[in-house]
Every structure is written in C-alpha cells, then in structure tokens.
Amino acid sequence: MTAPLAFEGVPLGGRGSQPVTLEVPARETVALLGDEDSGIGRLGGYALGLDQPPAGRALVFGTEISRLPERERLAFRRRVGYLPAGDALLQNLSLRDNVALPLRFGSAATTREIEGRVNVMLAAVRVAAVGGSRPARANEEECRRAAFARAMAFDPALLILEQPFDGLTARTAAELLEFARGGESAEGARRAILITGQELPGLLLPRIERVYRVSRAGAVERETA
Amino acid sequence: MTDPLSRLGGSTARRLSRLGALARFGFGALRSLGTLPAAGRSVALRVTLNQIRFTAGQAVGLIVLLSGILSFLVISQAVRELGRIGATDLIGTLIVVVIVRELGPLITALAIAGRSGTAIASELATNRVMGEVRALEAMGIDPRQYLVLPRLGACLVSVFVLLVVFDVVAVVAGFAAASFNGMTGARYAEIVLQSLSARDVWLTVAKALAFGLIVGLVPSWFGLSVRRASTEIPVAASRATVTAIVGIFLCAALFG
C-alpha cells in the first residue's frame, strides 16, 4: 500500500545535510524534530508542491504534486490538511471565515452545507464562541485551534503540521492531537500525520507512532521510547 | 559601440519579458473566473463590493473637487479668451474633447492609481510576507481568485463610475463658469451637445475600461511579486504606482 506521504532522498538544506528518506504510513502519526535551522520546515512546502526540493522527490499519495499542471495541483492539495508554522490565518477574516474559506473556494457545497460544516469544526476545536473574532482579537490558543479546524476543513486523510504545539500547554496540545488523529480504531488513527517542530510535549509521545530527530550533522535518526 | 547597444537590448528585453509576465498574470486571473464555485463567487463578490466602497465610494469627494476646479478654471479662461475673437462655440469642443474625453479618464485613473493602487500593492505584498498567500495555495485556493479578481473587478467598476462623476461635474462646473462669464444656459447646452458625438462616448468608455484594467492589475502583480521581507512592501507599492501611472499615460497616447 502506498504511504500517504513519502520523501525520497530530499536534502533538508542545512550545512552538511544528508538526503532524507522518510515515510508517513497510513493511520500513523510521525514526528520529525530538529533545530530551527535544520531545514525540516521546508518539508511541508516540498510535499505540497509549493517549493521544489533541490534533489529527490516528495510523494503525496504516490504523486509528486509539484509536477502536476496548475489547476490539478490546486485540486490535489485539498486532499492534504496543512497547518503552516505561525498559523497564517488571514488577518482580515474572522476565525469562522478562515475555516470556511477553503470550503467556499474549493468545494461545490452550498453555503448552507458549508455553514453547517464550519459550525461542527468550530465546536470540535472549541472556538465557536469566538468564531466571529478576527485573529488579532483572539488569543494564540484560539488562533491555533481555528488553524487546526481550517487544516481539517476537507476531512483529509493526510495532515502536515508545522510547529503545531508551540506556545500551547501540553494538555491543549494533547487535545488537538486527538482531534487531528480523528479517532482510533484497531488499525490505528483515522489520519496519517506528519508533525515537524523542535520539541514535543511528553504527554503526546504515547500517541505518536514514530519520532525522528535531525542530528547536527543533518542525519535523521529514529528515537526510541 | 556594442556595449551600449547590448545594454539597451538587454534592458528592452527585460521590460518586454516583464510586460509578458504581467499579461500572463492578467489572463490567468480572468481565466480563473471560470472555475470559481458558487460559494467562492459570493465571497469574491463581497470582497469586490468592499473594494469598490474604498476605491470609488471614498474617492468621490476627491474626484468632484478635481473635476470641478479644473473645469471651472478652463472654461472661465476659455470663455473670456475665445469671446475676444468671437469663437465661443469652441467651448463645446473644449469641454467634450479636452475635459470629458481626454483629461477626465486620465485624471480619474491617476487619482485612483495614486490612492487605491498603492493600497492594493501594499495589502497584497503584506499578504505575501505574512505567509497568507502561501497558505491559500496550500489550501488549494487560487490566490488570483480570492485576491486579484475582486480587486480587478472593483477597479474596472470604480474607474468607470468615477469617470461618469468626473464628466458630469465637469459639464456642470463648465456651465457655472460659462454663466459666470455671461453665457446663457441654453447656449452652453447647445454647443456642448453639438460637440458631443457617439465616438466621444465609446472612446471615453473604452479608456475607462483600459485604465481600470491597468489600475487593478499592475498593483496586484507588484504586490504578489514580493518574496519574504517586509522591506519589500514599500518598494513594491512605489513601483506599482509609478508603473501604473506610466502605463496609463502610454495607454492614453495609444488611444490618441
């Protein structure tokens, strides 16, 4: 079975970095940790075809998104939930409109269906009460919760989360990770997730199947529990 | 001898290449209209109306002021000077050709380029620097649909509406100036209407559309061309405004 996300021989770009080969299997959560200058922040862009890796390739559901024609590239990205570092919520939209935006531009759903879906998502991440606020008026945790909801607007099978838990308490991080995994079954979580960041709260580790760390030499090594 | 020539050639090639990129950007934005889903259309319409409120609604006072003063001064002087040689009939040509057809579109477009063009370029450049454009692309949203199309549509509508305001105020101010200098209202109306032809009307409309396209497209292109640094924002805004102004003048010359 094709892994939802795979990097084949992709250099992270840091000094002396070695090409990284890494898979995020279906229903598993994989964390890749490293310093800010390790280059792990580039992987999301490579996977989504926003940037071209200097070598190797990034495959999403077996497809190299950056090689698709523009319109198909945009459509393919809707199969992936992406939470960029710093949230990147649109500042002139309310949290509710931020969550609704991908659905409004990327689906044939009616306004009523979209409103229904957004209500469910906002309630699930517990920001329904502040949904009408713009990001500048909401606190960091509320913005992050809304960014999670936006990343999962299309109910994707794959999520790429960049520094998703920075600035959050371990308890909030655990709650959001549970939400992102989408429930458990005998086979594992509902979604495959790649998390990149510098550190993870220890409370999350039981829920993460594999943790890798980028060493100072640029090599990716698996951490054992 | 070859060096200056090759430099000139290189510079011309670069400018033409940029013009080609701008044209591709414009066509891409217009083509993306066809793939907008219904819910996206309503969002784009809301953004367009907001932009019209800023670009046209809040600029009406400025346009009325510019048009009123310009027309009053020109017609006052003309009535006096042309009256000496018994050629007051030429006031009609002056109003229709010089003010309504030539200066009206030009001044309106320049005012909007200076006011809204700078704002559009700065806003889109900020969106880019804050990572919002990248986030849109990552979510599968074409930034041209959400960011460019509404502003382009708003500029087209705004330039046209403000041009109508400019021309109406110019004719009324011209009448005030003519009356002030002893010409009757009936006589003024007669010579203005005599000078007005269908060609003047469609040329004015065509200019409004062309200038609206420039004012909407050029700042959007410069705004989205920035990379990551916030220091690029004022540079993009300045270059966008200057390029739009040059584009408007060149376009006006082509119409001439």
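Reply: Start with A:Glu8, which stands opposite A:Arg57 in strand 4 of chain A. Keep in mind that this is a predicted model. Strand 1 of chain A covers residues 5-11 and pairs with strand 4 of chain A in the antiparallel sense. The two are joined over 4 bridges.

Strand 5 of chain A and strand 6 of chain A (residues 158-162) run parallel, joined by 4 bridges. Within it, A:Val80 has A:Leu158 of strand 6 of chain A as its bridge partner. In a regular strand, side chains alternate between the two faces of the sheet. How does burial fall on the two sides of strand 5 (residues 80-83) of chain A? A:Val80 and A:Tyr82 are buried on one side, and A:Gly81 and A:Leu83 are buried on the other. Both faces of strand 5 of chain A are therefore covered, since the cut-off for buried is 20 or more other C-beta atoms within 10 Å.

Next, a helix of chain A. A:Glu113 sits in helix 4 of chain A, which spans residues 111-124. A:Leu122 lies in helix 4 of chain A too. Their surroundings are classed by neighbour count. A:Leu122 has 21 C-beta neighbours inside 10 Å, so it counts as buried. A:Glu113 has 13 other C-beta atoms within 10 Å, so it is partly exposed. The cut-offs explain both calls: 20 or more makes a residue buried, 12 or fewer makes it exposed, and partly exposed lies in between.

What does A:Leu122 touch beyond its neighbours within four places in sequence? The contacts are A:Arg96, A:Val99, A:Val127, A:Ala128, A:Gly131 and A:Ala149. A:Pro54 is 68 residues from A:Leu122 in sequence and 38 Å away, C-alpha to C-alpha. For A:Glu113 and A:Leu103, the separation is 10 residues in sequence and 9.6 Å in space, again C-alpha to C-alpha.

Now cross to the partner chain. The contact draws 23 residues from chain A and 19 residues from chain B. On the chain B side, helix 2 (38-55), helix 5 (132-138) and helix 6 each give two or more residues. Helix 5 of chain B supplies the largest share, 5 residues. By class, the chain B side has 9 nonpolar, 6 polar and 4 charged residues.

Chain B itself contains 9 helices and 0 strands. Its C-alpha trace spans about 70 × 60 × 30 Å along the principal axes. Of its 256 residues, 45% count as buried. Among its contacts with a separation of 6 or more, 86% join residues 24 or more positions apart.

Two helix pairs show how chain B packs. Take helix 6 (residues 143-180) and helix 8 (residues 198-224) of chain B: they pack at an angle of about 145°, with axes 8 Å apart. Helix 6 of chain B passes helix 8 of chain B in a right-handed crossing. Residues in this contact include B:Leu152, B:Leu156 and B:Phe160 of helix 6 of chain B, and B:Phe211, B:Leu213 and B:Leu217 of helix 8 of chain B. The contact has 15 nonpolar, 4 polar and 1 charged residues.

The second pair is helix 4 (residues 90-129) and helix 9 (residues 232-255) of chain B. Their axes come within 8 Å and cross at roughly 150°. That makes helix 4 of chain B roughly antiparallel to helix 9 of chain B, because the class takes angles over 145 degrees. This crossing, too, is right-handed. Among the residues that meet are B:Ala109, B:Gly114 and B:Gly117 of helix 4 of chain B, and B:Ala236, B:Ala240 and B:Ala244 of helix 9 of chain B. Here the contact has 15 nonpolar, 6 polar and 1 charged residues.

Notes:
Residues numbered from 1 in each chain as written. Chains lettered and ligands numbered in written order. Predicted model: local features only at pLDDT ≥ 70, side-chain atom pairs only at ≥ 80, totals over all residues. Axes fitted to C-alpha atoms, helices over the stretch in contact; angles between N-to-C directions. Left-handed = near helix turned anticlockwise from the far one by under 90°. Contact = placed C-beta atoms within 7 Å. Nonpolar A, V, L, I, M, F, W, Y, C, P; charged D, E, K, R; others polar. Pairing = 2+ DSSP bridges. Parallel < 35°, antiparallel > 145°, perpendicular 65-115°, else oblique.
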